[in-house]
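Okay, thanks for making time, everyone. Let me put the thing up on the screen and then talk you through one part of it.

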Amino acid sequence: METSTKIKNRLIHSHYWGSQQGDGTQSNSPLYRPPKLPYTYSAMHALWESDHLKNHFLNFHMKGFEGFLDCINNTKAEKMGMLQLFANQDEFDEQLIENACIVYNHQLYWDNLSPYGGEISSQLEQAINYCFGSVYKMKQLFIEMGKAYKFSGWLWLIIDENQELQIIPSRQNKNTLLKNAPVHGIPILAIDLWEHAYFQKFNDSKEDYLKTVWMMINWNEVSSRYRFAF
Ligand SMILES: [Fe+2]
C-alpha cells in the first residue's frame, strides 16, 4: 500500500518533527544535529534509572543517528528534512530508512515524555473524545494494546488518512509513515515497546511500564504535534 497523497503532502509541508531537531528551513545550520534528551538522565527515575536511560539513549538512539549520518552522507537526503525524507522514501535504500526510523521514533518518544507530565489541549481532547469516547477510554485501550503486543516494536497514537486518531502497534522499528505500513498516519505519540525500554525496571510487566508511561506523557508536546499535523 502506498503512503496516501494526503499524508505525503502533509509531511512535505510540515516543519515539525522533534523539539531538538532542525526542520530543513535553517540553511545556515546543519540539518541533522546529534539528538538530545529533553531532560537529564536522572530526571525520569519512575521509568528508568540513570544508567538505563543513558544506555538506551547512547546505544540505540545515538548509534542509530550515527548510522543514519553514514547513510545520508553525500546523498540528496542530506539536504532533506526528516519528514520530507519519509515523504520521498522510494528514493532511498532500506538501510537509510531503517536508521531514519530509529532516529525519528526515538526522538518522538523522548519528547513525548516529561518528569512533569502535561496538559491535553482542548482541541486534542475533543478529537480523543470523538474517536475513543473519553481520555480514560483511550488510556485503557492504549495500555491493553501495548500489553497485548508480543513483539519488539512501538505503540503509536496517529492521525490517520481520515484525520481521525488511532492507536496501533508496529513491528521492530517500523512506523506509520512507511509506504508498506498496514495503517498510514502521522504519529503524534510514540512509545518504545522493545524490551530494552522497560525490562530493567519493570521486568516483563509491560502493563506497569505503560501505566507509568501514561503518567509521564508530555501532553503539551503531543497536543503541539496534533496542531502542527493540520
Ligand atoms: Fe529504543
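First, the housekeeping. This is a predicted model, so local features need pLDDT of at least 70 and side-chain atom pairs count only at pLDDT 80 or more, while totals for chains, interfaces and linings use all residues. Residues are numbered from 1 along each chain as its sequence is written.

We have an open sheet of three strands, in the order β2-β1-β3, with antiparallel pairing. Strands here are DSSP runs of E, at least two residues, helices are runs of H or I, at least four, and both are numbered from the N terminus. Two strands pair if DSSP finds at least two bridges between them. At the edges stand β2 (165-171) and β3 (185-192), each with a single partner strand, so one side of each has no neighbour in the sheet. On average, neighbouring strands are turned by 30 degrees against each other, direction ignored; axes are lines fitted to C-alpha atoms, for helices over the stretch in contact, and angles run from 0 to 180 degrees between N-to-C directions.

Now β1. Seven bridges join β1 (residues 153-160) to β3, and β1 pairs with β2 over seven bridges as well. On the β3 side, W154 has D192 as its bridge partner, and L157 stands opposite L189. On the β2 side, L155 is partnered by P169. The hairpin of β1 and β2 has four residues between the strands, and there Q163 takes a positive phi near 65 degrees.

So how enclosed is β1? Seven of its eight residues are buried, so β1 is largely enclosed by the rest of the structure. Buried means 20 or more other C-beta atoms within 10 Å of the residue's own, with C-beta atoms placed from the backbone.

Then the helix. α6 (residues 135-148) lies across β1, β2 and β3, running at about 15 degrees to β2. In α6, F142, I143 and G146 are buried. Looking down the axis of α6, its buried residues fall within an arc of 90 degrees, so they line one face of the helix; that arc is taken from the directions from the helix axis to the C-beta atoms. And what do the buried residues of α6 pack against? That would be β1, β2, β3 and α8 (206-215), where contact means C-beta atoms, placed from the backbone, within 7 Å.

Definitions and conventions. Two residues are in contact if their C-beta atoms, placed from the backbone, lie within 7 Å. A residue is buried if 20 or more other C-beta atoms lie within 10 Å of its own, exposed if 12 or fewer, and partly exposed in between; C-beta atoms are placed from the backbone.
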